Amino acid sequence: DSRVASAATGAGMALGERLKAILLDRDKQIEVEDVVAHTSRSVREQLRDDELFPLSAPLSTNTVEGVRFLAGQAAAYASAVAPVSELLIPGCTWGRAEHEVIWTRVMQELVNADTRTTGRGVLLNMARFPALIALYAAGLASMHRGHFGSLRAVAVDPIHRAYNGTAPLVSAVHPWDVFQDNEMTANVLAQEANGRRLDDVEIQNVLSGRTGRKYTPISNYLHDHLRRHFSDLILDDAEYTAAFDRLEVLLGVIATDVKLGTSATNRYVHGGWYGAFTWRDRHSGTSLEEQLRGRLESTGAEAPEIRAGLFGGSPERALHAAEQFVADAAVARNQRR
């Protein structure tokens, strides 16, 4: 229901303003933690609600009705997590280093909120969608201000606990894993991100292939969905898109580093993902990922990402991951021309 989503977003924005008012007041740090903890607890309770988020789909998921049901569930997840996102955005924009542990705790609680293990696979996977949305919200705030300590705190320090082991959050919310076997829903979400609801004929056209499918539907969705959350922080649309693309490249390199670090173990984790930058940035002479690799190579231990503790503080690890990501992204780019 759009009214429910609007109310949730409005409540989240009010919380964000409250946090901004107390975040840097040395005498109100207990209140900061209380506001964040209360919000996190409330969102976790919603995400665990069987009535709000059932894990059994009443319909076949490859029909118009089934896709509409799944898209509705995804939109409900986005609405439920909005209050957390609205706290993380000012937190990662203006917060200090001592606040990073708070953002880590919130993200770890979020990605581990739903502990159910039985149900329809597409719904079990989608239960990590709120953590993906919150990662991008916090990541965009961090990237825009150059706060790489905050990015580490939300992407790497939180640990996801699964039946087959543990891994940093960034590996648990790979978009193609969250929407595994659910590409149609992702494409519908991308087209509905700005509030336009597809009718049955339009959804059937997506299912049948008459409407072309997006290369990066979840990346497209997150870009459009989060834009309004940054309307006061990033006024220019081009600046917002540039920050979004740089974030996706850095997240991809971070996820690649995690994968390289676990290659000797028995647990499989996804590596990087290749978002909208692979087609949006296709006309630049030097790709965004090549620019990042070059900067990491030239600055070494002085790179702000390394100084903030990303890649374990190792410039060698960062460069290795960046080189691998550049090679892998080139394959994705060639497929999207």
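These are my notebook entries on a predicted model.

**Entry: helix 3 against helix 11**

I looked up how helix 3, residues 64–94, meets helix 11, residues 200–208. Their axes come within 9 Å and cross at roughly 100°. Angles of 65 to 115 degrees count as roughly perpendicular, so I noted helix 3 and helix 11 as roughly perpendicular to each other. On the helix 3 side, I listed Val64, Val67 and Arg68 as the residues that make the contact. On the helix 11 side, I listed Asp200, Ile203, Gln204 and Leu207. Sorted by class, this contact has four nonpolar, one polar and two charged residues.

**Entry: Met184**

I went on to Met184, which is placed in helix 10. Is Met184 buried or exposed? I found a relative accessibility of 15%, and Met184 therefore counts as buried. Leaving out neighbours within four places in sequence, I found Met184 in contact with Val67, Val206, Leu207 and Arg213. Two of these names were already in my notes: Val67 from the helix 3 side of the helix contact, and Leu207 from the helix 11 side. I also checked Met184 against Arg105, which is 79 residues away along the chain. Their C-alpha atoms are separated by 33 Å.

**Entry: aromatic pairs**

I looked up the ring pairs and got a count of nine aromatic pairs. One of them joins Phe53 and Tyr77. How are the rings of Phe53 and Tyr77 arranged? I noted this pair as stacked, with 4.1 Å centre to centre and 5° between the planes. Phe53 is in the loop between helix 2 (29–47) and helix 3, while Tyr77 is in helix 3 itself, so the pair ties together parts that are 24 residues apart in sequence. I checked the exposure of both residues. Phe53 is buried at a relative accessible area of 2%, and Tyr77 is buried at 3%.

I then took the pair of Trp176 and Tyr274. The ring centres are 6.1 Å apart and the planes stand at 50°, so I noted the pair as tilted. Trp176 belongs to helix 9 (residues 175–178), and Tyr274 to the loop between helix 13 (237–261) and helix 14 (277–280), so this pair ties together parts that are 98 residues apart in sequence. Trp176 counts as partly exposed at 43% relative accessibility, whereas Tyr274 is buried with a relative accessible area of 12%.

I also found a cluster in which ring pairs link Tyr136, Phe230, Tyr240 and Phe244.

**Entry: charges over rings**

Which ring does the charged end of Arg227 sit over? I found the ring of Tyr240, with the charged end 4.7 Å from its centre. Tyr240 is already in my notes as a member of the ring cluster. I also recorded Arg280, which lies over the face of Trp279 at 5.3 Å from the ring centre.

**Entry: Leu47**

I looked up Leu47, which lies in helix 2. Leu47 counts as buried, at 3% relative accessibility. Not counting residues up to four places away in sequence, I found that Leu47 touches Phe53, Tyr77, Ala80, Leu110, Ala113, Asp114, Arg116 and Pro130.

**Entry: positive phi**

Most residues other than glycine have a negative phi. Asp181 has a positive phi, near 55°. Asp181 is placed in the loop between helix 9 and helix 10, and is exposed with a relative accessible area of 71%. Phe311 is not a glycine either, and has a positive phi of about 60°. Phe311 is placed in the loop between helix 16 (304–307) and helix 17 (315–335). Phe311 counts as buried, at 4% relative accessibility.

**Entry: Glu290**

Last, I looked up Glu290 in helix 15, residues 288–299. At 30% relative accessibility, I noted Glu290 as partly exposed. How far apart are Glu290 and Val326, C-alpha to C-alpha? I read 6.3 Å in space, for residues 36 apart in sequence.

Definitions and conventions
Residues numbered from 1 in each chain as written. Predicted model: local features only at pLDDT ≥ 70, side-chain atom pairs only at ≥ 80, totals over all residues. Heavy atoms only, no water. Axes fitted to C-alpha atoms, helices over the stretch in contact; angles between N-to-C directions. Helix = DSSP H or I, 4+ residues; strand = E, 2+ residues; numbered from the N terminus. Parallel < 35°, antiparallel > 145°, perpendicular 65-115°, else oblique. Contact = heavy atoms within 4.5 Å. Nonpolar A, V, L, I, M, F, W, Y, C, P; charged D, E, K, R; others polar. Phe/Tyr/Trp six-rings, centres within 6.5 Å; stacked < 30°, edge-to-face > 60°. Buried < 20%, exposed > 50% of the residue type's maximum accessible area, 1.4 Å probe, protein only. Lys NZ or Arg CZ within 6 Å of the ring centre and 35° of its normal.
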